[in-house]
Amino acid sequence: MINSYSVPLSQLVKEFNLRLLYQATDYERINITVDDISRPGLQLAGYFEHFEPMRLQVIGTTETAYLNKLSADERRAIFERFFSYKIPALIIARDLDPLPECLEMAEKYDTTILQGSETTSYIVSSLISALKVYLAPRITRHGVLVEVYGEGLLLLGESGIGKSEAAVELLKRGHRLIADDAVEIKKVSKKCFGTAPELIRHYIELRGIGVINVAKLFGMAAVKESADIDLIINIVPWRDGEVYDRLGLENQYTDILGAKIPSITIPITPGRNLAVILEVAAMNNRQKKMGYNAAAEFTEQINKHFDSSFGQSF
């Protein structure tokens with residue numbers, strides 16, 4: 001699947017400590033747009049139907065052993081057809097030396113050749129994991145993302161309702177800030193995680209005080225680069241006559257990038273300690289994930305009580 005996002009090949013080379021054996025003239029302009037990797041075993045055997053040339057290609061011991069059994073002319077013909085598809089790059093695993101015919105055809109078709117020291121399966125799995133993150137679908141939401149007792153809480157609400165102030169109170173209690181004001185959300189597999197735009201990372205804005213650097217004011221333990229979004233909390237002003245869920249039996253979800261994330265709505269009034277409520281919400285959500293639901297247990301006890309009382313009345 002072609003993604004609308006991309007990552008420079010040069011960035012992957014640096015991140016995975018790959019070595020350049022042959023650098024294409026357009027190396028600095030090559031962007032990877034597909035979040036999958038191929039091991040071109042069938043292609044080296046001459047089968048090119050359903051070949052995906054936009055993927056990074058990785059060969060290792062098995063492919064090299066097969067190629068070594070062929071004559072130089074056969075290898076040259078195979079690599080000529082292979083590189084004619086203009087792949088982004090070929091990665092050779094396990095520090096294996098490239099075959100002369102491989103380098104010859106790579107130079108002819110101006111294709112980058114890379115070398116890695118890790119095993120083939122490790123390179124493939126690691127690159128796929130990284131590409132899934134780099135090329136993941138994403139969206140930016142106005143809100144605050146904090147980590148409380150290991151739970152990622154995305155605080156949403158109208159501007160000025162007190163999201164940043166609640167985050168500062170949570171920081172004082174030993175919890176961590178991921179993003180304030182703008183939260184970049186990516187979906188990887190079935191989960192969403194959030195980060196802060198690099199420009200405003202570690203900063204938080206407090207009306208009346210201004211912008212503060214959380215990492216310098218509270219220490220590096222008070223910030224985190226990213227966190228899974230485990231619970232969305234909609235903070236709303238209290239409205240008389242509005243019906244709110246008092247027991248917590250209703251399971252609410254918010255759809256973000258196709259993922260259903262548990263959510264709750266917290267009405268606030270002046271003097272209500274929002275930070276404490278958020279801590280309880282985080283612990284309660286964690287309990288639910290571990291299989292315990294206090295609201296369901298409470299309701300069951302109430303039902304048993306009334307069933308017992310009803311039976312005794314007869």
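Which residue lies over the face of Y5? That's R138, at 3.8 Å from the ring centre. Keep in mind throughout that this is a predicted model. The close-ups below start with rings and then move on to the strands and helices.

**View A. An aromatic cluster built from six residues.** F48, F51, F79, F82, F83 and Y85 come together as one aromatic cluster. Across the whole structure there are six aromatic pairs.

**View B. F79 and F83, a stacked pair on one helix.** Here the ring centres sit 5.9 Å apart and the planes make an angle of 15 degrees, so F79 and F83 count as stacked. The cut-off behind that call is planes under 30 degrees apart. Both residues belong to helix α4 (residues 72-83), where they are four residues apart, or about one turn of the helix. F79 and F83 are both buried as well.

View C. How many disulfides does the model hold? The count is zero, going by sulfur atoms within 2.5 Å of each other. Take a look at C102, which is buried with a relative accessible area of 1%. C192 is also buried, at 2%.

**View D. An open sheet of eight strands.** Follow the strands across and you get the order β14-β11-β10-β8-β9-β15-β17-β16, with mixed pairing. At the edges stand β14 (226-228) and β16 (252-256); each has a single partner strand, so one side of each has no neighbour in the sheet. On average, neighbouring strands are turned by 40 degrees against each other, direction ignored.

**View E. Two helices lying across the sheet strands.** Helix α6 (residues 120-134) lies across β8 (138-148), β10 (176-188) and β11, and it runs at about 115 degrees to β10. Helix α7 (residues 163-172) lies across β8, β9 (151-156), β10 and β15 (231-237). The angle between α7 and β8 is about 35 degrees.

**View F. F193 and its surroundings.** F193 is found in strand β11. That strand (residues 191-195) pairs with β14 in the antiparallel sense over three bridges, and the bridge partner of F193 in β14 is D228. Is F193 buried or exposed? It's buried, at 15% relative accessibility. Leaving out residues up to four places away in sequence, F193 touches V133, E184, I185, K186, V188, S226, A227, D228 and I229. One of these, A227, is 34 residues away from F193 in sequence, yet the two are 5.4 Å apart in space, C-alpha to C-alpha.

View G. Side chains alternate along strand β12 (residues 203-206). Strand β13 (residues 210-213) runs antiparallel to β12, and four bridges join them. L206 has G210 as its bridge partner in β13. Three residues lie between the strands of this hairpin, and G208 takes a positive phi near 95 degrees.

Key: Residues are numbered from 1 along each chain as its sequence is written. This is a predicted model: local features need pLDDT of at least 70, side-chain atom pairs count only at pLDDT 80 or more; totals for chains, interfaces and linings use all residues. Side-chain values use heavy atoms; hydrogens and water are left out. Buried means under 20% relative accessible area, exposed over 50%, partly exposed in between (1.4 Å probe, protein chains only). Rings of Phe, Tyr and Trp (its six-membered ring) pair if their centres lie within 6.5 Å; planes under 30 degrees apart count as stacked, over 60 as edge-to-face and the rest as tilted. A charge sits over a ring if NZ of Lys or CZ of Arg is within 6 Å of the ring centre and within 35 degrees of the ring normal. Two strands pair if DSSP finds at least two bridges between them. Axes are lines fitted to C-alpha atoms, for helices over the stretch in contact, and angles run from 0 to 180 degrees between N-to-C directions. Contact means heavy atoms within 4.5 Å.
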